[in-house]
Amino acid sequence: AERILRKAKLISLEPCWCRLKLSNCDGPIDVCICVDKEAELAISERDGRKATIEEAMGALRRSHKAGLVHLAYETEGQEMRSICSCCACCCHSLAAITRFGYDGDVVGRADVIAVQDPKKCNNCKICVNKCHFDAWDLVGDRVHHYSLRCAGCGICASFCPRGAITMKKRRKTRQGPYARGDRKTGSERWLVKRYKMAR
């Protein structure tokens, strides 16, 4: 995310429309970041304001501390235009992913994946509660990781108190997270603008 921001000629910050409208959680509001042409639109047509890279990085740190997922949005064939800090309870995009599923043809993801060290894990369930992608769950009394659901956002690793979760380079696979058959709620393709996970 920092590399993306440092390349930008203009950065804007504006309130998160999703959390502002739905208020399903207490995540920070003023954390939506746009760059260059999208930042111009945010400032001239929406509630955006010009921001320094330090302010933008501060917004990312605050939203990460709150357990939000950073998503870098881009229109197919165009440059990345915004970084949103999302939650599955308010964000239309993240909610659609976790509800309907998606594959790698529609949505990009981080090139890393969470890996659990069972010897360090005490099954505290913090990862289960923090994960927006339902990639962690209890199986009996043990925490289990569903790797096909993992988008590689790193929230679980950041919040694990015992350092039992690390992020490793993802092996090449043709299946995306929430691949067909990996979700109980269905495997419909989510036909929206493509985005990539921002790390």
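1. The largest cavity has a volume of about 100 Å³, where a cavity is a set of points on a 1 Å grid over the protein atoms alone at which a 1.4 Å probe fits but cannot get out, and where a volume is the space filled by probe spheres set on points joined across faces, edges and corners. Of its 16 lining residues (those with an atom within 4 Å of a point), Cys121, Cys124, Cys127, Cys160 and Ile165 are the closest to the centre. The lining comprises 10 nonpolar, three polar and three charged residues, with Ala, Val, Leu, Ile, Met, Phe, Trp, Tyr, Cys and Pro taken as nonpolar, Asp, Glu, Lys and Arg as charged, and the others, Gly among them, as polar.

2. This is a predicted model, in which local features need pLDDT of at least 70 and side-chain atom pairs count only at pLDDT 80 or more, whereas totals for chains, interfaces and linings use all residues. Residues are numbered from 1 along each chain as its sequence is written, and side-chain values use heavy atoms, with hydrogens and water left out.

3. How many disulfides does the structure hold? There are zero, a disulfide being a pair of cysteine sulfur atoms within 2.5 Å. For Cys131, the closest cysteine sulfur is that of Cys153, at 6.2 Å, which is too far for a bond; Cys131 counts as buried at 17% relative accessibility, buried meaning under 20% relative accessible area with a 1.4 Å probe, protein chains only. Cys34 is likewise buried, at 5%, and its sulfur lies 6.7 Å from the closest cysteine sulfur, in Cys84, again too far for a bond.

4. On the rings, the charged end of Lys130 sits over the ring of Phe159, 4.3 Å from its centre, the criterion being NZ of Lys or CZ of Arg within 6 Å of the ring centre and within 35 degrees of the ring normal. Arg149 lies over the face of Tyr146, at 4.2 Å from the ring centre.

Note on methods: Buried < 20%, exposed > 50% of the residue type's maximum accessible area, 1.4 Å probe, protein only. 1 Å grid on protein atoms, 1.4 Å probe; cavity = no way out; pocket = protein on both sides within 12 Å on 5 of 7 lines; lining within 4 Å.
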